[in-house]
Each structure stands twice: as C-alpha cells, then as structure tokens.
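Here are my notes on the model you asked me to look over. Please read them with the structure open beside you.

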Amino acid sequence: MSTTYDHSEPTKGADLDDASDSGGDHLATEASRSGYADVHAADYDRWFAKPGITGATVEALADLAGDGPVLELGIGTGRVALPLAARGFDVHGVEASEAMAARLRSKPGGDRIRVTLGDFAEVPVEGTFSLIHVVGGTFFELACREDLQRCLTAAAGHLEPAGAFVLDAHLPEALAVAASSGVPEVVSETDEHLILCHRRIDPSTQTYQSHYLIHEADRTRHLRVRFHYASPGELDLMAERAGLRLRRRRGSWTGRPFTRDSTYHVSVYERC
C-alpha cells in the first residue's frame, strides 16, 4: 500500500498508494496477515483515499473493460471497484481481509459487487473476464516471487481471448533514489492527520519496506509494510511464462508516455 509516483496526480493508499499516480487502496498482504487490514479497515479510506488518482485510474480501466465482467484482485474497500460498478460494469473482486470486504459492502452500491474472500495469488473465482486488474501497487504485496508468478498464470487462465490484465508498479530505480534521499514522503495531510512514508530497500531479496508514521488525534502510529519489486523487463518475462504479452506500457494512469523520467508504470497485458 504505498504511493510514490507522479506527485502532480495524487494516488491511492499505501505504496503505490502513498502519493503518486497509482495509489494503493489495499494494504500489503503481509500486513493483512498480521491483522492490520482487519484492525484498521475503518480508517483506511480516511487515511489513504486519493480522489485525483482514483478518477484517472477508473477512466483508464473503463476504456479497457470491454463488455464482459471485470475482476479486481485485492479489491480492498472498493476505491476503484465502486466507481466502475456505478458506470454499469459487472464488477467482481478478490480480497483477503473480511473486514475490508465488509467495509466495501457497507458503502452505497457495495451490495452489487461479488467479492470472493481468499488469496488473490490463486485468483479463486470461476469464469472469464474482459478485464482483470490489480492497482495501487497491490500486485507486489504478494509474499514471494512464486506467488507473483502463480497470480499471473491464474489470471491468464481467467482472461477472455481479447481481454486485458492491468497492473501498476514502482520502478526500482525511482524507489532507490527516493530511499537514498532520506526525506520522508508526505502521503496525506489534512487538518486532522499527517501521514509520512519512508522506504528501505533490500536488493538482496528485491524487496522494500515502507514505514508509515500516522499522526492523528495527538497519537502517532508506526506501520511497516513489505513489498517486492521487479524491473519492467523482469515483469514482462514473468508474464510471458504465464502466457501473456505486453500490449502497452504508460508512465501514469493519465496516459503519460513511459520514459526515462517515469517513476512508475501502468502495464497492460493480453493473452499470447
């Protein structure tokens, strides 16, 4: 759950969610397993909602969705799913946290979204979809490289022939630059709270840990969330092994070109 991208367009929640164009509305799988998602589901939207990036994300996904049902992996509290459903799409989701799913269902329109509780690495659903997406950096919240590969393979098996699989991800080089600066990132700032993020990278395991300081109501909380990372080239090779090929890659949800100055990417894959 982190966000560190294109600061001109606020993001989703926590890692691709911290303050960039690809925000995260879902906490890392590791954090979820330790109980964070269940404990703080009621706080998630208040802390990590990113209206600007959400709008851009929904627009991009709607353009790719086609006529079939849509599946979101790591659907969280419905930041992206609910606006898509409001546009008339048949939206399904997979979520590990029952508390997050309950939060989604409690919102207007939440009862129209079919949510399967489980590990999204397995894509534990039936049928095929014209669009499968995992946003806000959530894909790299999976526990290990094997889980990433399993997720890609399973997703390919649930794609319609002309369907699209979409994810966003930090670029390792941008992560390294941000981490080496030592300057915390402002994830969210309101009259009620201040949220800062600092990342530490471990190249030996291709992981990074996001440290969040959340100051609210004269109380400061420290959250640690672990993510993997991979270069676009590595990701493309994993996708190829899963039976997917790159259709296009952009440098933001608003469709900016992917260039040497990009800090994250939005990649669209299709079946080979």
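1. A word on terms comes before the sheet: two strands are said to pair if DSSP finds at least two bridges between them, and helices (H or I, at least four residues) and strands (E, at least two) are DSSP runs numbered from the N terminus. This is a predicted model, in which local features need pLDDT of at least 70 and side-chain atom pairs count only at pLDDT 80 or more, whereas totals for chains, interfaces and linings use all residues. Residues are numbered from 1 along each chain as its sequence is written, and side-chain values use heavy atoms, with hydrogens and water left out.

2. On the chain as a whole, the secondary structure consists of eight helices and 11 strands. Of the 272 residues, 58% are buried, where buried stands for under 20% relative accessible area, exposed for over 50% and partly exposed for what lies in between (1.4 Å probe, protein chains only). The chain exposes about 11,100 Å², and 51% of that area is supplied by carbon and sulfur atoms; the areas come from the Shrake-Rupley method with a 1.4 Å probe, and for residues only the protein chains shown count as cover. Among contacts (heavy atoms within 4.5 Å) with a separation of 6 or more, 60% come from residues 24 or more positions apart.

3. The sheet I would look at is an open one of four strands in the order β6-β7-β8-β9, with antiparallel pairing. Its edge strands, each pairing on one side only, are β6 (185-189) and β9 (219-228). Neighbouring strands are turned by 20 degrees against each other on average, with direction ignored. Helix α7 (residues 172-181) packs on this sheet by touching β7 (193-202) and β8, and the direction of α7 makes about 110 degrees with that of β7; such axes are lines fitted to C-alpha atoms, for helices over the stretch in contact, and the angles run from 0 to 180 degrees between N-to-C directions.

4. Going across the sheet, β6 and β7 are joined by four bridges and form a hairpin with three residues between them; here Glu 185 has Cys 197 of β7 as its bridge partner. Between β7 and β8 there are 10 bridges, and His 198 is partnered by His 211 in β8. The hairpin of β7 and β8 has four residues between the strands, and Gln 206 in that hairpin takes a positive phi near 50 degrees. Strand β8 (residues 207-216) is joined to β9 by 10 bridges, with Gln 209 facing Arg 226 of β9 as bridge partner.

5. Which aromatic residues pair? Rings of Phe, Tyr and Trp (its six-membered ring) pair if their centres lie within 6.5 Å, and planes under 30 degrees apart count as stacked, over 60 as edge-to-face and the rest as tilted; by this rule there are two aromatic pairs. The rings of Phe 139 and Phe 140 have centres 5.1 Å apart and planes at 80 degrees, so this pair is edge-to-face, and both residues are buried. Tyr 208 and Phe 227 form a stacked pair, at 5.2 Å centre to centre and 15 degrees between the planes. Because Tyr 208 lies in strand β8 and Phe 227 in strand β9, this pair ties together parts that are 19 residues apart in sequence.

6. As for disulfides (a pair of cysteine sulfur atoms within 2.5 Å), the count is zero. Cys 151 is buried at a relative accessible area of 0%, and Cys 197 is buried at 3%.
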